[in-house]
Amino acid sequence: EAAPEPRSGRSAALRARMEERLLGARFRYLNQQLYTGSSRDAARLFRTDPAAFHLYHRGFERQVRRWPERPVQRIVRYLRRRPASLVVADFGCGDCTLAASVKNKVHCFDLVPLSPRVTVCDMAEVPLADESVDVAVFCLALMGTNLQEILGEANRVLKLGGTLMVAEVASRFEDTRAFLRAMTQLGFRTVSK
């Protein structure tokens, strides 16, 4: 028969479980804020509370760790099969996994820098010239109520014939067909889904 766990060990385990639950709750709250506010609201939120961005990404990492495949890895495989000369814009790049995984020049944009490679900006106003990139990527980063502005910005920086890649959780869209129709109205053509 095993000896009972010492009181301090049980307290530490309880504390760890409670901290995990609090992190999960705060992540869900921040995620809700990002989806229900504009990109400007998100920029303001993280400017006033930079620690919230780090907490959000800790929660995000915990969540995607449980998935059978990380969507960024599919995008990495896609880019590795294409010429390394293609220039990429990664909207909502997080920790710059994409940039670190390919030979292409990758412009990394996010609201807070988790890496020195990140250019801090609102995704609706990235500091790139018109028609300057071959591939624009939104990997689990298509958030906010001003998606038309954000996707319009991706369209602005893409070269004619460029590729927009969107990897998103299916539940994010109430109607996938309506989203694809809206993408067509923004000037995109669906090549694969």
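The dialogue below sets computed values against the definitions in use.

Guide: This is a predicted model, in which local features need pLDDT of at least 70 and side-chain atom pairs count only at pLDDT 80 or more, whereas totals for chains, interfaces and linings use all residues. Residues are numbered from 1 along each chain as its sequence is written, and side-chain values use heavy atoms, with hydrogens and water left out.

Visitor: Why is threonine 97 called partly exposed?

Guide: Buried means under 20% relative accessible area and exposed over 50%, with partly exposed in between (1.4 Å probe, protein chains only). Threonine 97 has 22% relative accessibility, and therefore counts as partly exposed. This threonine is found in helix H5, where helices (H or I, at least four residues) and strands (E, at least two) are DSSP runs numbered from the N terminus.

Visitor: What does threonine 97 touch?

Guide: Contact means heavy atoms within 4.5 Å. Leaving aside residues up to four places away in sequence, threonine 97 touches Val72 and Gln73. The C-alpha atom of threonine 97 is separated by 25 Å from that of glutamate 149, 52 residues apart along the chain.

Visitor: What makes E2 mostly covered?

Guide: Of the 6 residues of E2, 5 are buried.

Visitor: How do you know that E1 and E2 run parallel, and how many bridges join them?

Guide: Two strands pair if DSSP finds at least two bridges between them. E1 and E2 are joined by 5 bridges and run parallel; in one of these strands, E2, lysine 105 is the bridge partner of valine 87. E2 also pairs with E3 in the parallel sense, over 3 bridges, and aspartate 110 stands opposite valine 120 in E3. E4 and E5 run parallel too, with 6 bridges.

Visitor: What is the order of the strands in the open sheet, and why are two of them called edge strands?

Guide: The 5 strands follow the order E3-E2-E1-E4-E5, with parallel pairing. Strand E3 (118-120) and E5 are the edge strands, as each pairs on one side only. From one strand to the next, the twist averages 25°, with axes being lines fitted to C-alpha atoms (for helices over the stretch in contact) and angles running from 0 to 180 degrees between N-to-C directions.

Visitor: Which residues touch the most other members of the largest nonpolar core?

Guide: A nonpolar core is a set of buried Ala, Val, Leu, Ile, Met, Phe, Trp, Tyr and Cys residues joined through side-chain atoms within 4.5 Å. The largest one has 35 residues, of which Phe46, Ile75, Leu79, Leu98 and Val137 touch the most other members.

Visitor: Why does this core lie between domain 1 and domain 2?

Guide: Domain bounds come from an automatic or database domain assignment. Domain 1 (7-65) and domain 2 (71-186) both give residues to the core, so the core lies between them. Apart from it lies another core, of 24 residues, including Cys121 and Phe173.

Visitor: How many residues of each domain are in contact, and how much area is buried between them?

Guide: In domain 1, 18 residues are in contact with 19 residues of domain 2. Buried area is the accessible area (1.4 Å probe) that two parts lose on being put together, summed over both. For domain 1 and domain 2 this is about 1400 Å², with 65% of it on carbon and sulfur atoms. On the domain 1 side, Tyr35, Ser39 and Phe53 lose the most area to domain 2, together 40% of what that side buries.
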